[in-house]
Amino acid sequence: FHIGGTASRIVAASKITSKEAGTVRFVGLETVKLERVADTSAEGDAWVCISHNAEIEVLDEKERVKQRFTVPYGAHVYVRDGAAVEIEHLLFEWDLYNTPIVTQFGGTVRFVDVKEKVTVRDEVDDTTGLKLLVIMEDRNKELQPAIDILGPTGQKVAHYPLPTGARLEVRDGQQVASGEVLVKTRREASKTRDITGGLPRVAELFEARRPKDA
């Protein structure tokens with residue numbers, strides 16, 4: 001099986017701007033205010049999308065939908081519901097190559113079942129040369145790595161399970177604000193894993209073999 005074409009990285013624009021003037025309408029889009037805006041070319045406030053399958057529509061004066069955009073989870077949104085926008089107004093932008101997990105609440109990070117050489121390993125980033133902590137699966141299937149966010153009195157206000165392959169962007173005990181990224185998972189790595197994981201099953205179907213786990 002040749003999977004190079006299907007599993008290869010798809011290059012696309014990471015910024016979406018309005019092609020026409022109109023009024024913004026959110027469809028299933030929930031956001032949290034990004035308290036710390038870093039490394040962005042956009043001016044003004046930003047919010048982080050915490051919804052899946054969310055959309056932004058741009059309506060004309062008769063409330064007809066002129067444009068519709070799917071907003072990825074974790075995207076930075078620069079408009080509000082009901083806002084008027086002009087042509088080329090920046091609506092949102094996102095990280096093309098990483099799927100993030102963002103916190104909806106500010107507080108203190110607490111690692112759960114994140115143990116060195118058991119559920120986390122060291123890796124060196126090829127581009128920056130910095131050491132990264134990457135989540136790996138517990139061989140004994142007993143530990144479930146996660147991050148808890150603790151409030152001012154130590155109460156748990158949020159819980160985020162960590163997928164295998166996720167790179168930690170925070171450290172145990174660190175203070176975070178709402179909208180901050182906790183971990184990132186490479187998009188192409190997860191896609192390739194999904195595709196190659198299904199190939200043995202495809203082979204069984206084409207060759208009419210009896211499945212191993214019948």
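Me: Before anything else, what counts as a nonpolar core here?
Reply: A nonpolar core is a set of buried Ala, Val, Leu, Ile, Met, Phe, Trp, Tyr and Cys residues joined through side-chain atoms within 4.5 Å. Keep in mind that this is a predicted model.

Me: Ok. Which residues touch the most other members in the largest one?
Reply: Ile147, Ile149, Leu168 and Val183 do, in a core of 27 residues.

Me: And which elements give two or more residues to this core?
Reply: Strands S10 (98-102), S11 (107-112), S13 (131-135), S14 (146-150), S15 (156-161) and S18 (181-186).

Me: What is Val183 in contact with, leaving aside neighbours within four places in sequence?
Reply: Its contacts include Ile101, Ile147, Leu162 and Leu168, along with Arg167 and Glu169.

Me: What does a second core include?
Reply: The second core is separate and has 17 residues, among them Val24, Ile56, Val71 and Ala75.

Me: Back to strand S18. Is Thr185 buried or exposed?
Reply: Thr185, which lies in strand S18, has a relative accessible area of 11%, so Thr185 is buried. Leaving aside neighbours within four places in sequence, Thr185 is in contact with Tyr97, Asn98, Thr99, Pro163, Gly165 and Ala166.

Me: Switching to rings. How many aromatic pairs?
Reply: The count is one. Phe92 and Trp94 have ring centres 5.8 Å apart and planes at 35°, so the pair is tilted.

Me: Why call Phe92 buried?
Reply: Because its relative accessible area is 1%, and the cut-off for buried is under 20%.

Me: Where does the charged end of Arg80 sit?
Reply: Over the ring of Trp47, 4.0 Å from the ring centre.

Methods: Residues are numbered from 1 along each chain as its sequence is written. This is a predicted model: local features need pLDDT of at least 70, side-chain atom pairs count only at pLDDT 80 or more; totals for chains, interfaces and linings use all residues. Side-chain values use heavy atoms; hydrogens and water are left out. Rings of Phe, Tyr and Trp (its six-membered ring) pair if their centres lie within 6.5 Å; planes under 30 degrees apart count as stacked, over 60 as edge-to-face and the rest as tilted. Buried means under 20% relative accessible area, exposed over 50%, partly exposed in between (1.4 Å probe, protein chains only). A charge sits over a ring if NZ of Lys or CZ of Arg is within 6 Å of the ring centre and within 35 degrees of the ring normal. Helices (H or I, at least four residues) and strands (E, at least two) are DSSP runs, numbered from the N terminus. Contact means heavy atoms within 4.5 Å.
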